[in-house]
Amino acid sequence: MQHSLLLSEYKPTSQLVVERRSLSGPKFPVVDTHTHFGPMAFGQHYQHAYQLDVAVAAFRSLGVKHVINADTIWGEPLRQLLQFLEPYQEFFTTFGSVETALLDDPQFAQITRRTMEAGKAMGMRGLKFWKDISLGQTDAQGRSIPIDDQRLHPIWEGAAELNLPVLIHIADPAAFFAPIDVHNERYEELQQHPDWSFADSRYFRFAELMEQQERLLANHPRTTFIVAHMGSYAENLGRVSQWLERYPNLYVDLAARINELGRQPYTARTFFAKHRDRILFGTDANACYQEHMVYYEFLETKNEYIPYSTAAVPNQGRWQIYGLGLDDDILRRVYYENAETLLGPLG
Ligand SMILES: [Zn+2]
């Protein structure tokens with residue numbers, strides 16, 4: 001009898017023999033609505049972290065005609081980022097942010113409004129917020145900040161008045177809120193990155209975040225929200241579908257969630273057909289890292305049991321995915337038409 005294997009040592013080779021259609025690129029031009037070219041991905045010295053012409057060429061070679069570059073910056077750093085990207089301005093739409101750490105300042109509403117107006121005047125076309133608002137930041141009393149907190153209202157109302165869509169990352173995979181134990185389906189990933197776990201009572205529970213998210217959508221019907229990562233809840237498309245029906249101001253992006261979508265291909269296919277006008281193609285790529293080909297394979301083919309990433313061991317749960325084989329009408333909308341409905345012609 002052999003010794004037991006450690007999970008980390010286990011790398012099974014699939015013996016499945018089925019046809020796998022290969023693609024050379026996307027069937028239609030693509031707008032990637034969720035990318036990072038600035039400090040969020042590369043820190044303050046991003047301008048030296050990569051070569052802009054090489055990065056743009058890499059995206060273009062993958063069939064991407066335009067990207068939304070999202071960053072949680074404002075003021076001078078935003079001006080510098082826009083200036084850095086200027087040589088390729090036809091390729092970039094940039095979303096910036098406002099300083100949520102000031103929310104207890106009595107002048108918060110006015111400061112926020114000025115920041116948004118100044119950003120828009122510089123060329124910012126939307127707002128980007130990260131999960132750290134509700135999963136990290138605390139207010140002057142040391143309390144966590146629900147994303148539907150009254151104090152944040154000036155942001156959402158200002159965004160509507162200034163016609164700035166809001167790309168917002170609210171929660172993380174549901175498994176990141178569960179204990180890191182024998183039952184956790186993202187065990188290996190959380191073992192490697194224990195700081196990604198929110199299984200601690202000082203954080204909001206996943207269910208609480210979803211209730212806050214729903215109230216945010218309900219309270220600000222004039223504001224367009226792109227809730228990143230499949231509306232925060234790719235594990236439960238039934239719930240996301242209800243939100244999309246109830247809140248016409250909601251859009252979702254696919255970014256970093258094909259692992260979830262591709263393990264429920266029947267449910268996902270129905271979801272895409274039903275909500276074809278509200279799903280945006282996004283990947284969470286950055287200037288140095290792109291995995292677009294697997295997204296195209298997932299959306300366009302009916303290939304079975306395919307890896308959702310290039311990692312040796314699947315890095316977002318130990319499973320494989322199944323392609324959706326979407327029709328051209330859905331592909332066109334998801335690849336670029338929905339993004340252009342929100343932002344006008346791109347690239
Ligand atoms: Zn992102």
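Keep in mind as you read that the model is predicted.

**The nonpolar core**
- The largest nonpolar core has 91 residues.
- Within this core, the residues that touch the most other members are Val-166, Ile-168, Ile-226, Val-227, Leu-250, Ile-258 and Leu-299.
- Take Ile-226 as an example: leaving out residues up to four places away in sequence, Ile-226 touches Thr-33, Pro-165, Val-166, Leu-167, Tyr-251, Asp-253 and Leu-280.

**Helices α4 and α5**
- Two packed helices are described by the angle between their axes and the distance between the axes.
- For helix α4 (residues 108-122) and helix α5 (residues 153-161), the axes come within 9 Å and cross at roughly 35 degrees.
- This crossing of α4 and α5 is right-handed.
- On the α4 side, the contact is made by Phe-108, Ala-109, Thr-112, Arg-113 and Met-116, while α5 brings Pro-154, Ile-155 and Gly-158.
- Sorted by class, the contact of α4 with α5 has 5 nonpolar, 2 polar and 1 charged residues.

**Helix α9 and its two sides**
- Helix α9 (residues 237-246) has the buried residues Leu-237, Val-240, Trp-243 and Leu-244.
- Looking down the axis of α9, you would find its buried residues within an arc of 115 degrees, so they line one face of the helix.
- Turned away from that buried side is a face with the exposed residues Gly-238, Gln-242, Glu-245 and Arg-246.
- The packing partners of the buried residues of α9 are α7 (206-219), α8 (228-231), β7 (250-253) and α11 (265-274).

Methods:
Residues are numbered from 1 along each chain as its sequence is written. This is a predicted model: local features need pLDDT of at least 70, side-chain atom pairs count only at pLDDT 80 or more; totals for chains, interfaces and linings use all residues. A nonpolar core is a set of buried Ala, Val, Leu, Ile, Met, Phe, Trp, Tyr and Cys residues joined through C-beta atoms within 7 Å. A residue is buried if 20 or more other C-beta atoms lie within 10 Å of its own, exposed if 12 or fewer, and partly exposed in between; C-beta atoms are placed from the backbone. Two residues are in contact if their C-beta atoms, placed from the backbone, lie within 7 Å. Axes are lines fitted to C-alpha atoms, for helices over the stretch in contact, and angles run from 0 to 180 degrees between N-to-C directions. Helices (H or I, at least four residues) and strands (E, at least two) are DSSP runs, numbered from the N terminus. A crossing is left-handed if the near helix is turned anticlockwise from the far one by less than a right angle, and right-handed if clockwise. Ala, Val, Leu, Ile, Met, Phe, Trp, Tyr, Cys and Pro count as nonpolar, Asp, Glu, Lys and Arg as charged, and the others, Gly among them, as polar. The arc is that of the directions from the helix axis to the C-beta atoms.
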